[in-house]
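Me: I've got a model here and some questions about the ligand and a few residues. Can we go through them one by one?

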Amino acid sequence: MSLKGKVAVVTGSTSGIGLAYARAFAAEGADVLLNGFGEAGAIETERSGIEREFGVKAIYSPADMTRAAEIAGMIEQANRELGSVDILVNNAGVQHVSPIEDFPIEKWDQIIAINLSSAFHAIRAAVPGMKARGWGRIIQTASAHSLVASPFKSAYVSAKHGIAGLTKTVALEVATHKITCNCISPGYVWTPLVERQIPDTMKARGLTKEQVIQDVLLQAQPTKEFVTSEQVAALAVFLCSDAAAQITGANLSIDGGWTAG
Ligand code: NAD
């Protein structure tokens, strides 16, 4: 399948799953806008590497997903520098693990802003262009935690359940415009986000690192294997194909069987 001529905006694409989406879209010929935090030199190496490897245009936006105006600016930048936003992937996300009575209020606000509200702001800004062109693909990275909960992740689970609801609502609103809106719900994918939560999970549950990996993370997944970022990205590429034109409002699990149980 070719995405040549399409432009994909992927939030939180300087790392992990987001970077895998951007590379997978570029591999199909799409121009891409990268977004996220990180060391400037490393981001530039990634950006220019994508251009060289795949022969597409790749630009970078430093927009902070906690700021509505910067999110709107990111969509404007893609329209201005790449010509359109045909594929929008709301992927930026953070985690914090803590019992609810100790959960820092600013962490709650930050997680709801980045993991949920940023998708609202980006969709709101991107939909008019998609409607005008009569084609669009909106994809959210939700999580198995959009379907089931785990203790100590109150903000994350709330935001992810919220994004599943936002996905369904938008799907209904844009259904007659050849725009689809879906969320992908991975189980555990070995990325910096997962690695960073291990120390707090060790503390909250009184476990060693190996016990957290085996008894908490992989315990949830019947296959006993991590999902890979590339597997998640391949599903997103499929959602952009004509074959997926009637898949909309769906919450697609890719979780080694976690939510089947
Ligand atoms: P990651 O930490 O590797 O990447 C997160 C990305 O978001 C980075 O590019 C980071 O710079 C960016 N980001 C963070 N705060 C930001 C902000 N304020 N503004 C802009 N960008 C910001 O994590 P990941 O595991 O690749 O997670 C990507 C998405 O996948 C998240 O929404 C996460 O909830 C979801 N997810 C991850 C897993 C997993 O097991 N890793 C499972 C299910 C869902």
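Me: Where is F152 found?
Reply: First, a heads-up: this is a predicted model, so local features need pLDDT of at least 70 and side-chain atom pairs pLDDT 80 or more, while totals for chains, interfaces and linings use all residues. Residues are numbered from 1 along each chain as its sequence is written, and side-chain values use heavy atoms, with hydrogens and water left out. Helices (H or I, at least four residues) and strands (E, at least two) are DSSP runs numbered from the N terminus. On that scheme, F152 is found in the loop between β5 and α5.

Me: What is phi of F152, roughly?
Reply: F152 is not a glycine, yet its phi is positive. The residue is partly exposed, with a relative accessible area of 27% (buried means under 20%, exposed over 50%, partly exposed in between, with a 1.4 Å probe and protein chains only). As for the angle itself, phi of F152 is about 75°.

Me: Is K178 buried or exposed?
Reply: K178 is found in the loop between α5 and β6 (179–186). It's another residue other than glycine with a positive phi, near 60°. Its relative accessible area is 62%, so K178 is exposed.

Me: Which side chain does the side chain of H145 make a polar contact with?
Reply: H145 lies in the loop between β5 (136–141) and α5, and at 3% relative accessibility it counts as buried. A polar contact is a pair of N or O atoms within 3.5 Å; within protein, one must be able to donate a hydrogen and the other to accept it, and residues adjacent in sequence count only if both atoms are side-chain atoms. Here the distance is 2.6 Å, and the partner is the side chain of S150.

Me: How much of the ligand's exposed area does the protein bury?
Reply: Start with the polar atoms: an oxygen atom of the ligand is 2.8 Å from a polar backbone atom of F37, and a polar side-chain atom of K160 lies 3.0 Å from an oxygen atom of the ligand. A nitrogen atom of the ligand lies 2.8 Å from a backbone N or O atom of M65. Taken alone, the ligand exposes 830 Å² (accessible areas come from the Shrake-Rupley method with a 1.4 Å probe). Of that, the protein buries 95%.

Me: Which helix supplies the largest share of the shell around the ligand?
Reply: The ligand has 31 residues around it, S15, N91, Y156, V189 and T191 being the closest (near means a heavy atom within 4 Å). α1 (16–27), α5 (154–174) and α6 (192–205) each supply at least two residues of the shell. The largest share is four residues, and it comes from α6.

Me: How far apart are the C-alpha atoms of A250 and T167?
Reply: A250 lies in the loop between α8 (229–239) and β7 (251–254). At 21% relative accessibility, A250 counts as partly exposed. A250 and T167 are 83 residues apart along the chain, and their C-alpha atoms are separated by 7.8 Å.

Me: What separates the C-alpha atoms of Q214 and I43?
Reply: Q214 lies in helix α7 (residues 209–217), and at 39% relative accessibility it counts as partly exposed. Q214 and I43 are 171 residues apart along the chain. Their C-alpha atoms are separated by 32 Å.
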